[in-house]
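This report goes through the contacts in one structure. Please look at the sequence and the model first.

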Number of protein chains: 2
Amino acid sequence: MTTGDLTGTGASSGGRTSRTAPKLEKLLSSSAGLMAQRGFSQTSIRDVANETGFSLGGMYYYFKSKEDLLYLIQEKTFSSLLEIQEAAASHDGTAEERLRKLIGNHLAYFLSHANELKVCTFELESLQDERYDRIAVLRRRYFSCMAHAVAEVLGESPNHPGVRHKTLFIFGMLNWIFMWFDPERDEPVDRLGDEMVDLVLNGLNGGKDG
Amino acid sequence: MTTGDLTGTGASSGGRTSRTAPKLEKLLSSSAGLMAQRGFSQTSIRDVANETGFSLGGMYYYFKSKEDLLYLIQEKTFSSLLEIQEAAASHDGTAEERLRKLIGNHLAYFLSHANELKVCTFELESLQDERYDRIAVLRRRYFSCMAHAVAEVLGESPNHPGVRHKTLFIFGMLNWIFMWFDPERDEPVDRLGDEMVDLVLNGLNGGKDG
DNA sequence: TCGTTTTTCGATCACTTGTTCGATTTATCT
DNA sequence: AGATAAATCGAACAAGTGATCGAAAAACGA
C-alpha cells in the first residue's frame with residue numbers, strides 16, 4: 001500500500017477497451033456531477049452508488065478509493081483541456097489572437113464539461129501526496145500556457161512578477177464563473193468570452209486613455 | 001425548533017458585554033482559521049475544541065450548531081466589510097476613484113481578515129434556509145455596491161447585462177486571490193491593488209488602442 | 001457445455017461525526 | 001458565607017462514513 005499503482009484496480013488498468021470502459025465513464029461523469037454540486041467531501045460513495053445503480057462495494061472494482069475516484073476525474077479532464085490549450089498556444093498569429101483563443105477555449109470547455117471542470121478547479125486540495133502532485137503538474141503547465149500569452153501581449157518576460165499577477169487575475173475571472181453563471185440568464189458564452197477579452201485587453205475605459 | 005432564534009444560546013444573546021465576549025471572538029477566529037484551511041465540512045467541532053482549549057460540549061454554550069458557528073463568522077465579517085464599502089461607495093470624487101477605493105478596501109480587508117473573508121467567500125453554500133438567506137442578502141448588497149461603481153465608470157445603467165458581467169469578472173479577480181496569494185512572494189498588497197485596478201481600467205494594452 | 005476470468009453484490013467493520021444532557025465547577029451578588 | 005446564575009465538562013448516543021472480503025453471478029473462451 002506504500003507504492004502501489006495510482007489508478008488500476010482492474011478496470012482502469014491495462015487500458016484495453018473492454019465493455020468496462022463506458023461504465024467507468026458514466027461513473028466518472030456521475031461522480032463529477034455530484035461533486036460539482038455538493039463538493040467532494042459532502043459527496044458520499046453511497047450517493048454515487050445510488051446515482052449510478054451500482055452497489056456500494058461493486059464500485060470499488062473501478063477505483064481503489066474515494067480519493068482515487070476524484071483523481072481519475074481530474075486527471076482525465078485536465079489532460080484533455082491541457083491538450084487543447086497547448087495546441088492553441090503554439091499556433092501562429094498575434095499574441096492577442098492567441099490569448100483570445102485561450103480564453104475562448106476555456107469558456108467553451110466550461111460549457112461542455114462544466115461539472116468536471118468545476119471539480120478540477122475547486123477540489124485540488126482534496127487530493128494528497130502523489131495524486132496531488134500529479135494534478136499540480138498539469139495545473140502548472142496550464143498556468144504557464146496562459147502566462148506566456150499574457151507576457152507576449154505585454155511585451156514582457158514571462159518571469160516578470162506583473163505577468164504572474166495579471167495571469168492570475170485572468171484565471172480568477174475564468175474560474176469564478178462557476179459561482180454565478182446561469183445558462184438561462186447569461187446565455188451566449190461566445191459573447192461572454194468577448195466581453196472578458198475586451199476587459200482584459202482594453203479595460204473598462206475601452207482603451208481611450210491611460 | 002422551527003422558528004427559534006438564529007444565534008443566541010446564551011452568550012450571544014442580549015449582547016451585553018460580559019466576560020464572555022472575548023471568548024466568543026476567539027472561538028470565531030479560531031474556527032475561521034480552521035475552516036479557511038480545511039474547509040467547513042472537513043473541520044470538525046472537535047478540531048475547534050482542541051484548538052481553543054474548550055471541551056467538546058462546552059462550546060455549545062456559544063453557538064447552537066456547527067452551522068450556526070459558520071453563520072456567526074460570516075455575519076460578523078460580512079457586515080463589517082459591507083459597512084466599510086457602502087461608506088466608500090457614497091464618497092465624493094470620480095467614479096474611477098470610487099472603484100479604485102472599493103478594490104483597495106477589499107484587498108486591505110483580505111490582508112487583515114484573510115481567514116474570515118475566505119470563509120465568507122467560499123462557504124455560503126454550507127448554510128441553509130434562513131441562515132443562507134440572511135448572508136445572501138449581504139452578498140447582494142455588496143455586489144450592488146461594486147456594480148454601481150462599475151456602471152458609473154462605464155457610463156451605463158447598473159442593469160445593463162455587460163455591467164453585471166464585468167462586475168463579476170472583478171469579483172473573480174478579487175476572490176481568486178485566496179487560491180494563490182503568498183505573503184512571501186506577493187508582498188505589497190497596495191501594489192497588487194494598483195495592478196488590478198490598472199488591468200480593470202486600461203487592460204493589458206494599457207489604454208493604447210481599441 | 002465446462003472451466004476460467006471478469007464483474008457485481010451484500011453484509012460487515014472500525015471509525016468519525018454533530019449533538020445532547022445531567023452533573024460540576026466557577027463567577028456574581030447580597 | 002450562602003444562594004443564584006453563568007459557564008464548563010465528560011460521557012454517551014445515533015447516524016453516517018469509507019473500506020474490505022468472500023460469495024455469487026455474468027461473460028467469455030475452449
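Which backbone atom of Lys66(B) lies 2.7 Å from a phosphate oxygen of DNA strand C? A backbone N or O atom of Lys66(B) is at that distance from the phosphate oxygen.

## Basis of the values

This is a predicted model, in which local features need pLDDT of at least 70 and side-chain atom pairs count only at pLDDT 80 or more, while totals for chains, interfaces and linings use all residues. Residues are numbered from 1 along each chain as its sequence is written, chains are lettered from A and ligands numbered from 1 in the order in which they are written, and side-chain values use heavy atoms, with hydrogens and water left out.

## DNA strand C

DNA strand C is surrounded by 20 residues, a residue being near a strand if one of its heavy atoms lies within 4 Å of it. Among the closest are Lys23(A), Tyr60(B) and Lys66(B). Of the atoms of DNA strand C that come within 4 Å of the protein, 61% are sugar and phosphate.

For Ile45(B), a backbone N or O atom lies 2.9 Å away; for Tyr60(B), a side-chain N or O atom is 2.7 Å away.

## DNA strand D

Around DNA strand D there are 22 residues, and the closest include Lys66(A), Thr20(B) and Lys23(B).

From chain A, a backbone N or O atom of Ile45(A) lies 3.0 Å from a phosphate oxygen of DNA strand D, and a polar side-chain atom of Arg46(A) lies 2.9 Å from a base nitrogen. From chain B, a polar side-chain atom of Lys23(B) lies 2.5 Å from a phosphate oxygen.

## Chain B against chain A

In the interface, 41 residues of chain B are in contact (heavy atoms within 4.5 Å) with 41 residues of chain A. The two chains bury about 3,700 Å² between them, 61% of it on carbon and sulfur atoms; buried area is the accessible area (1.4 Å probe) that two parts lose on being put together, summed over both. On the side of chain B, Phe169(B), Trp176(B) and Leu204(B) lose the most area to chain A, together 22% of what that side buries.

The interface has 2 salt bridges (a side-chain nitrogen of Lys or Arg within 4 Å of a carboxyl oxygen of Asp or Glu). One salt bridge joins Asp186(A) and Arg164(B), whose closest N and O atoms are 2.9 Å apart.

How values were computed: Polar contact = N/O pair within 3.5 Å; in protein donor to acceptor, adjacent residues only side chain to side chain.
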